Structures are given as C-alpha cells and as structure tokens.
Amino acid sequence: MSKGTLFDKVWDTHTVQILPSGQTQLFIGLHLIHEVTSPQAFAMLRERGLKVMYPDRTVATVDHIVPTENQARPFVDTLAEEMIQALENSTKDNGIRFYNIGSGSQGVVHVIAPEQGLTQPGMTIACGDSHTSTHGAFGAIAFGIGTSQVRDVLASQTLALSKLKVRKIEVNGKLQPGVYAKDVVLHIIRKLGVKGGVGYAYEYAGTTFTNMSMEERMTVCNMAIEGGARCGYINPDDVTFDYLKGRDFAPTGEKWEKAVSWWRGMASDADAEYDDIVTFDAAEIEPTVTWGITPGQGIGISEPVPTPDSLPEGDRAIAQEAYSYMQLSPGSPIKGTKVDVCFIGSCTNGRISDLREAAKFAQGHHVANGVKAFVVPGSERVKVQAETEGLDKIFVEAGFEWREAGCSMCLAMNPDKLQGDQISASSSNRNFKGRQGSSTGRTLLMSPAMVVAAAVNGQVSDVRELS
Ligand SMILES: CC(C)[C@H](C(=O)O)[C@@H](O)C(=O)O
Ligand code: SF4
C-alpha cells in the first residue's frame, strides 16, 4: 500500500512481484559496478553459464585501487593491476560501458553517474558499494548491495528485498557561515546514532535541503548509510531538473518535458504518511568534527571531547575504545589537535563545488610545516573543470599536492596511506579504525573547508576564524 512517499512510489513502480518469502522482487533501473565487488559476481555468472541480462543498464568504472600519482600500466601494485584487468575483461566480454582511466569520465562511481546524468529521479539504482545512497539526492531509491546481489542484478536486473520504513528528517533554516552539508549530515548522525537508521530509508526534507545545490544534497545522502539507513533521498525539484538538463544521459526535447512531469509526480505527497519524523534546526549546527572511531562520534568545533558521563550509557563503551585509539582525553578541546595529513576528496566531498570552496580558503594561505596535504578530484571531469578554473594552481601554491581522480585515502586501497598512528583531517565519510591504510592511523572527519583550515594551521581549527 502506497503511503504517498517517494520511497513507496518508486518501490511500487519497480515491483515485479511479491515472492513467496514475502520479499519484493524489485527491478533495478541502473546498476553501477566497480573493480572491488564485481569480479566474483562475474565469476559466479560464468560458472553458471549466465549472461548479463541488460548490459545497457550496467555502467562500470574503476575507482578504489586507482593510483593518484603514477598511473602507468601495469600498476606497481600487482593486485590492483589484476583487479583492473578483471574489470576490463568482464566489461568487454559482456558489452558493458566502462569508464576506464584516461577515458575522460573515470572517477568515483558515485561522482561519475550523477555528473553524466545517469542518475535520475524515480529510479532504482544499485551498486556493490555502501555509499550508493548518494544517488538518492536526485530522488532515486539507491542502495548498496553485496557481491552475491551484484551477481543477481547482472543476471536478472532484479533483487529480492524487504521493504524499508521511511523516516522523514526535517532540517529547517539557514546554515551559519562556515557550516556545510557535511556538518549537517555529521550532526544528524551524531544525534540519531550510527544504527539509528537501521530498517529505514531516510527522506531529508525541509528548507535547509531545498536550499542546497545538488552537490550538497549528494554529500548528505552519501552519508545516510553512516547513520544506518540503507538509502537516503531528497524529493526532486527544480534544482534537480536544472542540474540534469543537458547532461549526457538526460532526456532531451519532448522526452525531457515528459520526464520532468513524471519526476515531479514521484515526489512525496504533502499528506504522505511516515513511520517516523525527526526535526532539527539548522541554526544549532556548528562546523562539526569527529573525534572518535565512528561517524556518530562528532562534536561542534567549539565543544570538548565528550566525557563518558555526558554520554548515554549505550555509547560509553565505544567512547572508551575511541579515547584510547584516538589518543584523546575526555573533556579536552578537539580544536588544537595536531594533524599530520590533510585529505580533500572522496564521493562525499570530491566534487567541483567542494574543491571551489576549499580553494577559496586555501588561497593566500600555506600548508603548515610538516603537514602533508593533498587534493584528489572525484572524477576526471572534476579534475579538468578544476584545472580550467585554475583551482589546481591555487592548491599547489598553497602547498597541497594535486592528484589524479579516485577514492584514494578515503579507504587507502591504493598507495595513498597513513603511516603508523598519523592523524588525518579528512573530507571523507568513515573514521573507522585503520580506515586510511594504517592499522593505527587516526581519522577526523570534517568538511573540505575545515580540512583546509586544519592544513593551514597544522591543527584542528575553526574555519570561521581563518582570516
Ligand atoms: C570497497 C567497497 C565495497 C566499500 C563500500 O561498500 O562502501 C568502500 O567503497 C567503502 O567506502 O568502504
Ligand atoms: S570514495 Fe570512499 S566512500 Fe566513496 S566509494 Fe570510494 S572508498 Fe567508498
């Protein structure tokens, strides 16, 4: 039964049948694949003698293992070379479009699909990657899947899924200067917890989101999964349509008009029913930084690292683990924490608007002595655009390294890794133990502007005070 939310409308539109298990067989409009989670899926297909059912609905790129400095083939890392070759072969054998390095359109999978207009409202999108929730920014139902599900989508273009509940997260009001989409989503996860969204799709609504650009909306939806929600979305509106118009895969002419009117109809109805509604005020959000080992362990820049007794009982054990791993004392300010590495990039904050904003703060400043700072564009297109605007020069003059597109130190499956217990200021989305390539490496998540402030001062800083 439809409750009038976008989630329900998209779900119902894509339902093939209800399976005897009670699950829904859902048609997947767009399947995105990358080198990490697809090789085994293709192998399983080959074992069963199956073909890819809709090669046209499958799009591939390489992102996780891509070196951002020396991209000469074969890669120095033989495992990375094997992985890219496997994808090159599988996509060729199955007639799948593949945006390889040097194609001009390679990049992090969640950056390239939107920038080409592949991601559209009202769609179902799946990818063997948890941050597929990003595409929900367009009013799509987009979620990460495991390798066996990648196999299922390749073979049948469908998935067996249980329906989610829908929580509306309403944020209203204007963000303070120096506060970004990243801070909004870190704030939400802090308040609702990293498991708060389990079993839910998150609908982000309210004036704070309607006033955001598409790229800001993508930052928010990208981290829905960090709050436990399988997917997050924002209802499509004129901002969405303006962004899509003229992109490679966007409809044109009469088809465009038809599409826009269908897209509008997919948005949640004003009287839609939700399983839960939570409301926040944008004015209460500060530039936010994580101090711990989960994206939910965030605080405003002016706050101290929380003491155990200030936390709900259920959060104390993980806080204890975090104090010791992060080498931070409860009650001490996060501001002033020395950093070793500063990373700007990832599918959360590696888009052109992120780089523009970061460059604005980098201009006229210099990275502090002893700090390694680098910028990794989210895609080859983002890189070219940034270079056209001269952003690369601003970064290099300010002492940042300017790299090739990929996931890079977000996950460090490539050569960009922390050493020992180095601490990084990172515009990425996960601060798990060992996330950035060293088993003792430490990560502080923040907005790209805050990463620049940290790089310039050599310590966690408030971007609002960067002169
Ligand atoms: C490698 C991939 C499966 C993984 C994910 O699912 O998200 C990665 O992208 C990440 O960000 O941790
Ligand atoms: S940029 Fe980071 S979060 Fe995004 S897909 Fe790559 S590794 Fe995952």
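The UniProt annotation "binding site", from an unreviewed entry, covers Cys347, Cys407 and Cys410. These residues span 64 residues in sequence, yet no two of their C-alpha atoms are more than 8.8 Å apart, so they gather at one spot. The model discussed here is predicted.

**Two of the cysteines**

Cys407 lies in the loop between strand 17 (401-402) and strand 18 (423-426). Cys410 lies in the loop between strand 17 and strand 18. Are these residues buried or exposed? A residue counts as buried if 20 or more other C-beta atoms lie within 10 Å of its own. Cys407 has 32 C-beta neighbours inside 10 Å, so Cys407 is buried. Cys410 has 29 other C-beta atoms within 10 Å, so Cys410 is buried.

The table lists their contacts, not counting residues up to four places away in sequence.

| Residue | C-beta neighbours | Contacts |
|---|---|---|
| Cys407 | 32 inside 10 Å | Asp63, His64, Val108, Ser346, Met413 |
| Cys410 | 29 within 10 Å | Gly345, Ser346, Ser428 |

Ser346 touches Cys407, and Ser346 touches Cys410.

Three strands form an open sheet in the order 1-2-8, with antiparallel pairing. Which strands stand at the edges? Strand 1 (15-18) and strand 8 (158-161) do. Each has a single partner strand, so one side of each is left without a neighbour in the sheet. Neighbouring strands of this sheet are turned by 20° against each other on average, direction ignored.

Strand 2 (residues 24-27) and strand 8 run antiparallel and are joined by four bridges. Gln25 stands opposite Ala160 in strand 8. Strands of a sheet pair through backbone hydrogen bonds.

Key:
Residues are numbered from 1 along each chain as its sequence is written. Chains are lettered from A and ligands numbered from 1 in the order in which they are written. This is a predicted model: local features need pLDDT of at least 70, side-chain atom pairs count only at pLDDT 80 or more; totals for chains, interfaces and linings use all residues. UniProt positions are given in the numbering used here, feature names are shortened, and annotations may be inferred rather than shown by experiment. A residue is buried if 20 or more other C-beta atoms lie within 10 Å of its own, exposed if 12 or fewer, and partly exposed in between; C-beta atoms are placed from the backbone. Two residues are in contact if their C-beta atoms, placed from the backbone, lie within 7 Å. Two strands pair if DSSP finds at least two bridges between them. Axes are lines fitted to C-alpha atoms, for helices over the stretch in contact, and angles run from 0 to 180 degrees between N-to-C directions.
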